[in-house]
Amino acid sequence: MALYFEMYSGIAGDMTIGALLDLGARKKVLIDGIDSLNLPIAQLSFRQTIKNTIAAYDFDTRTHVEKARTMEALSLEKVHEILEAGNFSEKVKEDSRNLFTIAAKAEASSQGMEVKDFRFHPVGVVDSFIDFVGTSLLIEDLAPDNIYFSDLYEAKGYQMRKRGPMPLPEPAVLSLIKEYGLPLQLVDDEGERNTLTGACIVAYYRKDPLPERFLVRDVGIGAGNSDFKKSTNVLRVYDIEVL
């Protein structure tokens with residue numbers, strides 16, 4: 001098995017997990033692994049949905065915000081300690097550590113600070129644990145021989161944040177695009193397509209260029225949370241055989 005991520009409408013951690021579950025990765029593997037971290041999670045949601053007439057798998061999470069706010073902001077070292085306590089393989093721990101390290105370096109670089117001084121927000125980091133550990137668990141479960149990715153596609157302009165307009169690609173994602181040489185195409189549309197966790201997944205697992213010819217054995221489709229004017233917010237992950 002080889003996997004091909006078709007990212008014409010972007011990539012995010014929840015979309016990745018939804019697509020991998022839709023492709024046949026086991027939900028129990030995800031739930032057991034996430035539960036072992038003892039994070040303040042109120043709910044994991046699994047359901048089928050329709051995005052612009054396309055059947056897709058909608059994976060979503062809800063953080064127990066009040067409990068999360070009692071946590072301190074986490075250094076990268078503290079994140080690694082939490083991962084070490086997880087009840088899953090050393091490979092999943094290694095992959096998750098590397099994904100978090102990529103994210104921390106990108107955030108630190110975009111904010112003009114050293115990575116040792118960067119801290120993950122206690123509420124937002126819960127989603128990052130789910131995205132990174134969940135993706136690592138499900139990829140291990142599917143056990144692909146290789147993973148391929150399309151170009152990244154991103155809208156032009158700005159995305160509104162609480163503190164004001166943020167240029168697209170958002171600075172930490174742009175840092176990854178530059179650092180890892182990720183091919184980027186800009187589309188004439190509005191709305192952010194690529195989250196930092198999604199871009200980290202691409203940066204870490206992308207090794208070889210997409211082959212010119214392959215057979216499609218199966219496909220999993222993960223639903224995104226946005227509705228764009230000129231594309232459908234889904235991530236398609238193919239099970240392919242390279243010719």
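**Helix packing and aromatic pairs in a predicted model**

Let me start with helix H1, where Gly13, Asp14, Thr16, Ile17, Leu20, Leu21 and Leu23 meet a set of residues in helix H6, namely Ile130, Asp131, Gly134, Thr135, Leu138, Ile139 and Leu142. Please keep in mind throughout that this is a predicted model. Sorted by class, the contact of H1 with H6 is made up of 8 nonpolar, 4 polar and 2 charged residues.

The crossing of H1 and H6 is left-handed.

Helix H6, which spans residues 124-142, also packs on helix H5, residues 90-110, and here the axes come within 9 Å and cross at roughly 135°, so that H5 and H6 are oblique to each other. The crossing of H5 and H6 is right-handed. On the H5 side the contact involves Lys91, Val92, Asp95, Ser96, Leu99, Phe100 and Ala103, and on the H6 side Val125, Ser128, Phe129, Phe132, Val133, Ser136, Leu137 and Glu140. By class, the residues of the contact of H5 with H6 comprise 9 nonpolar, 3 polar and 3 charged.

Is Ser96 buried or exposed? With a relative accessibility of 0%, Ser96 counts as buried. If we set aside its neighbours within four places in sequence, Ser96 is in contact with Leu83, Phe132, Val133 and Ser136.

Over the whole structure, a search finds 10 aromatic pairs.

Among these pairs is Tyr4 with Phe214, which is tilted, at 5.6 Å centre to centre and with 55° between the planes. This pair links distant parts of the chain, since Tyr4 sits in strand S1, residues 2-6, and Phe214 in strand S9, residues 214-223, so that the two are 210 residues apart. Tyr4 is buried, having a relative accessible area of 6%, whereas Phe214, at 24% relative accessibility, counts as partly exposed.

Tyr4 also pairs with Tyr238, and here the ring centres are 5.4 Å apart with the planes at 20°, so this pair is stacked. As Tyr4 lies in strand S1 and Tyr238 in strand S10, residues 234-242, the pair ties together parts that are 234 residues apart in sequence. Both Tyr4 and Tyr238 are buried.

Finally, let me turn to helix H7, residues 171-180. Which residues of H7 are buried? In this helix, Ala172, Val173, Ser175, Leu176 and Ile177 are buried, and what covers the buried residues of H7 includes H5, strand S5 (152-155), strand S8 (184-187) and helix H8 (196-205). After H7 comes Gly181, whose phi is positive, near 60°.

Technical notes
Residues numbered from 1 in each chain as written. Predicted model: local features only at pLDDT ≥ 70, side-chain atom pairs only at ≥ 80, totals over all residues. Heavy atoms only, no water. Axes fitted to C-alpha atoms, helices over the stretch in contact; angles between N-to-C directions. Helix = DSSP H or I, 4+ residues; strand = E, 2+ residues; numbered from the N terminus. Parallel < 35°, antiparallel > 145°, perpendicular 65-115°, else oblique. Left-handed = near helix turned anticlockwise from the far one by under 90°. Contact = heavy atoms within 4.5 Å. Nonpolar A, V, L, I, M, F, W, Y, C, P; charged D, E, K, R; others polar. Phe/Tyr/Trp six-rings, centres within 6.5 Å; stacked < 30°, edge-to-face > 60°. Buried < 20%, exposed > 50% of the residue type's maximum accessible area, 1.4 Å probe, protein only.
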